[in-house]
Structure formats: structure tokens, C-alpha cells
Amino acid sequence: MWVWKAGASLRLRGLQPAGVPGRRLLRSHAASQAGSNWARCWHCGDSGRGDGFFCPRCRALQPPDPTRDYFSLMDCNRSFKIDITKLQNRYQQLQRLIHPDFFSQKSQTEKDFSEKHSTLVNDAYKTLLAPLSRGLYLLKLHGIEIPEGTDYEMDNQFLMEIMEINEKLAEAESEDAVADVESTVQAKQKEFTDNVKMAFEQDDFEKAKEILTKMKYFSNVEEKVKLKKIPL
């Protein structure tokens, strides 16, 4: 249980690898952008523009580009509003090309790079898929962060609302009662998502920060709902 005190701050808690037939080069806006950061190939020394993954000359897998952000990597516009279907397709395309399973017979260097690429792609996909993590990441790209474990001033009305929802969940003894709380939380998150999208469209990053902070509170309640639904 949380201890609540109204008026107080709360603690927030294409691409084609050599030797893998049938894999076509994946060209995209993100790939062309990555080409501008191309360094010399570790294997053959070529300095030509690549696709961000493979050397254009020897097709050796290259290390991840540290200058590429998640939006560029996943070929999405740097915006809160993204095409989820496009994101999912990009994720599947990249995993078919850089997944470690396809490099089991390659050099240890390429195996290591593949592991790093795969981890990076997974992190990027998960971050951009969910509205809350996407918004927090977008804020971070604008130099604004909401640190974990720090207090953030919220108005009394919002604190009372959160307290009441938590109490209602704690007292819920039936599936219907839990579902009622879950429905309330989902509706609030949908409202916050719409509002934060508008804030980002208006470049109102402080407003976006405020809304995302509220979304974090409700995200904590969502986790409690999930635990409540697990049979003892």
C-alpha cells in the first residue's frame, strides 16, 4: 500500500549480411541518415557510405551507430505520434537481418555486434511502442528528464484522485470491482495520451512533462491492477 498525504509531493517511482542468401538490402530514411555517420569498416577499411548496418564493400556487420536515436533506428519521425504498424514492421525487418541466430557461423566480432544491435533494436521498439516511455524518451531528446526516485509537485486534486483509486483497488474483492478500476485507469491514460500528443505538437515540453508525470502515477496503478488479477 502507498501512504498518501494530500498536498504533499509523492515519490515517483538494404541490409544483407554476407553469406545469408535471400536477404535484401533494407533502405529507409533512418538508413540514409545513419550513412552520414559512417566510419571505416573494421574488416576491410572501406569508408564508403553504408546502410548503418553492413559495410557496402565486404558486407561485414558494423557496430551500432552511437549517434542514432531510437526514432531514426526504427525509421519513425521524431514525434510523439508514430505509425505503430510501421514500427512493428521495421522491428520485424531488423530482427530478421541482425538477429544473433544469423551470425552463429560468423566471426566473434560480428557475433558481438549482432548481439548489441539486437539488444538496441529491442530497447528501441519497446520504448517507442508504449505512449509513456515514448513520451519520456522524446522529452529526453529535448534535454528534459523526470528522474526516477524524485519528488514532483502535483496538485491536491490529482493526489486525492490517485488516493481514491488506490483505495478502491485495495478494497476490490471481486473481478468486476477490479475490472471497474482497470477501466477507470485505462480511460485516464487514454485522456493523458491525447493531451500529451497535443502538448508535443505545440512544443510545450513543460506541459508534456506534467502530463507524463501523471501518466507515471497511473502506470503504477496499472501494475497494481495486474498484480491484483493474479490468482493467489
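Predicted model: local features only at pLDDT ≥ 70, side-chain atom pairs only at ≥ 80, totals over all residues.

The protein chain is built with 8 helices and 2 strands. Of the 232 residues in the protein chain, 43% are buried.

**How the helices pack**

Two packed helices are described by the angle between their axes and the distance between the axes.

| Helix pair | Crossing angle | Axis distance |
|---|---|---|
| helix 3 (residues 84–98) and helix 4 (residues 108–129) | roughly 170° | within 10 Å |
| helix 4 and helix 5 | about 105° | 5 Å |
| helix 5 (residues 131–141) and helix 8 (residues 205–229) | roughly 145° | within 10 Å |

Start with helix 3 and helix 4, whose axes cross at roughly 170°. Because of that angle, helix 3 is roughly antiparallel to helix 4. On the helix 3 side, the contact is made by I84, L87, Q88, Y91, L94, Q95 and I98, which meet S114, H117, S118, V121, N122, Y125, L128 and L129 in helix 4. Sorted by type, the residues of this contact are 9 nonpolar, 6 polar and no charged.

Next, helix 4 packs against helix 5 at about 105°, so helix 4 is roughly perpendicular to helix 5. Here K126, T127, L128 and L129 from helix 4 meet P131, S133, R134 and Y137 from helix 5. This contact of helix 4 with helix 5 splits into 4 nonpolar, 2 polar and 2 charged residues.

Helix 5 also meets helix 8, and the crossing of the two is left-handed. Helix 5 brings P131, L132, G135, L136 and L139, while helix 8 brings F205, A208, K209, L212, M215, K216 and S219. The tally for the contact of helix 5 with helix 8 is 8 nonpolar, 2 polar and 2 charged.

**Into the core**

How many residues does the largest nonpolar core have? It has 48, and those with the most contacts inside it are M74, L128, L139, F158, V196, F200 and L212. At least two residues of this core come from each of helix 2 (70–73), helix 3, helix 4, helix 5, helix 6 (156–171), helix 7 (175–201) and helix 8. Helix 8 gives the most to this core, with 9 residues.

Leaving aside residues up to four places away in sequence, L139 touches I144, I146, F200, F205, A208, K209 and L212.

**A few single residues**

K86 sits in helix 3. Is K86 exposed, partly exposed or buried? K86 has 39% relative accessibility, so it counts as partly exposed. K86 and M74 are 12 residues apart in sequence, and their C-alpha atoms are 8.7 Å apart in space.

Most residues other than glycine have a negative phi. R59, which is not a glycine, has a positive phi of about 70°. You'll find R59 in the loop between helix 1 (29–35) and helix 2. D203 is also a residue other than glycine with a positive phi, near 55°. D203 lies in the loop between helix 7 and helix 8, and D203 counts as exposed because its relative accessibility is 54%.

Definitions and conventions:
Residues numbered from 1 in each chain as written. Heavy atoms only, no water. Axes fitted to C-alpha atoms, helices over the stretch in contact; angles between N-to-C directions. Helix = DSSP H or I, 4+ residues; strand = E, 2+ residues; numbered from the N terminus. Left-handed = near helix turned anticlockwise from the far one by under 90°. Contact = heavy atoms within 4.5 Å. Nonpolar A, V, L, I, M, F, W, Y, C, P; charged D, E, K, R; others polar. Parallel < 35°, antiparallel > 145°, perpendicular 65-115°, else oblique. Core = buried A, V, L, I, M, F, W, Y, C linked by side-chain atoms within 4.5 Å. Buried < 20%, exposed > 50% of the residue type's maximum accessible area, 1.4 Å probe, protein only.
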